[in-house]
Amino acid sequence: MVISAYAELMLESLAVEHPLRRNVTEIMTAAGRATDLTRQLLAFGRKQMQLLRVLDLNTVITEISRMLPRLIGEDIQLVIVPGGDLGRVKVDPVQIEQVVMNLAANARDAMPRGGRLTIETANIQLDEEYSHRRSVVPAGDYVVLTVTDLGLGIAPEHMAHIFEPFYTTKEVGKGTGLGLATVYGIVKQNSGFIWVYSEAGLGTTFKIYLPRVWEQSAAPLLSPLEKAPRGSETLLLVEDEAAVRKSEEEFLSLSGYTVLDAKDGEHALRVAREYAGTIHLMISDVVMPHMGGAELADQLAAARPLMRVLFVSGYAESTVLQHGAIDVTSRFLQKPFTLKSLARKIREVLGAEEPRALAAAGSS
Ligand SMILES: Nc1ncnc2c1ncn2[C@@H]1O[C@H](COP(=O)(O)OP(=O)(O)OP(=O)(O)O)[C@@H](O)[C@H]1O
Ligand SMILES: [Mg+2]
């Protein structure tokens with residue numbers, strides 16, 4: 001987070017034609033890769049925080065199909081077959097992207113002399129009889145995501161092992177063997193099932209069954225190209241990691257906010273006591289020495305009933321939940337995050353309706 005935050009800040013201050021922009025962009029890309037690798041390891045250990053959304057899988061596929069050509073190269077034809085009238089699923093879109101990226105990377109490696117990669121989506125209803133024969137997937141309504149390549153195929157002796165972590169047939173330095181282990185972990189985390197079929201010399205098909213849901217779709221996510229939103233409220237930033245705190249403070253000040261910062265809970269109580277004005281929002285780490293974020297919020301609630309709270313943490317949901325009544329769906333940001341996503345989250349939390357705020361308007 002520190003690396004990418006400072007790179008983001010540096011990029012903001014460099015003129016468009018500045019020769020160092022390229023170097024900074026490289027740093028950000030490398031930090032992004034480190035983040036992805038961490039995510040992969042966490043997903044694979046099922047420790048990753050999930051952000052479930054009700055969505056149409058076709059929107060995720062469309063989004064990702066724009067990034068795939070760069071991954072698979074020019075010699076592989078990409079065919080997308082979005083299913084019509086597709087049912088909705090409740091998944092973490094970022095994780096699903098990760099799944100498709102990993103499967104596409106494997107397909108690419110299996111087709112060194114080119115070929116075709118097909119990605120399809122479709123509704124499917126599995127009845128008792130079918131699920132009995134296939135046994136892995138229970139009967140029910142699913143949206144199935146199919147990824148097919150015309151590559152080398154998977155030899156029967158490897159088939160039983162492909163989902164194992166660190167199982168790879170690729171040369172040293174080429175594969176870590178975490179791709180499919182990650183895919184498996186993610187599919188399970190999203191309540192899905194994965195099925196694979198391969199024929200040596202002809203190709204491989206992966207099918208991912210995701211349970212269909214009938215809830216309404218969530219609002220679309222903001223595009224990554226959008227500028228970070230600004231604001232002018234007063235924020236109390238509580239973070240024990242000095243380098244992270246400093247980068248956030250610098251960014252938020254540049255974004256127009258008045259920023260008070262504190263290195264732990266005790267310090268935050270003192271800062272809040274000494275500050276005469278309104279504090280609109282406290283952004284606090286959840287797990288900190290001496291006093292955690294939830295306890296800190298509790299202690300401040302009496303003196304500052306209108307102050308909103310946004311919790312951040314690098315810990316997984318289960319750990320965060322052990323640290324108090326924290327709303328991990330709307331008032332929480334999983335570390336590592338980019339400064340831009342912090343900026344958006346702040347607007348979201350400050351903009352959210354709070355009936356209590358109307359009744360008590362006027363006090364700080
Ligand atoms: N589409 C495919 N075609 C042929 N073989 C495959 C395909 N997908 C996976 N495999 C086989 O399964 C093995 C494990 O795949 P996995 O994605 O887990 O690891 P990897 O690709 O070797 O390394 P990493 O993904 O970590 O870079 C591969 O080494 C390869 O032998
Ligand atoms: Mg792989």
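Helices are DSSP runs of H or I with at least four residues, strands are DSSP runs of E with at least two, and both are numbered from the N terminus. I note that this is a predicted model, in which local features need pLDDT of at least 70, side-chain atom pairs count only at pLDDT 80 or more, and totals for chains, interfaces and linings use all residues. Residues are numbered from 1 along each chain as its sequence is written, while chains are lettered from A and ligands numbered from 1 in the order in which they are written.

Entry one, the ligand. I looked up which helices supply at least two residues each to the shell around ligand 1, and found helix 5 (93-110) and helix 8 (179-189). Helix 5 gives the most, four residues. Of the 23 residues around ligand 1 (C-beta atom, placed from the backbone, within 6 Å), those that come nearest are Ala110, Thr168, Gly175, Gly179 and Leu180. I sorted the shell by class and got nine nonpolar, twelve polar and two charged residues. Here Ala, Val, Leu, Ile, Met, Phe, Trp, Tyr, Cys and Pro count as nonpolar, Asp, Glu, Lys and Arg as charged, and the others, Gly among them, as polar.

I traced an open sheet of five strands in the order 9-8-10-11-12, with parallel pairing (two strands pair if DSSP finds at least two bridges between them). Its edges are strand 9 (258-262) and strand 12 (332-334), each pairing on one side only. Strand 11 (residues 308-313) runs parallel to strand 12, and three bridges join them. I found Phe311 opposite Phe332 in strand 12.
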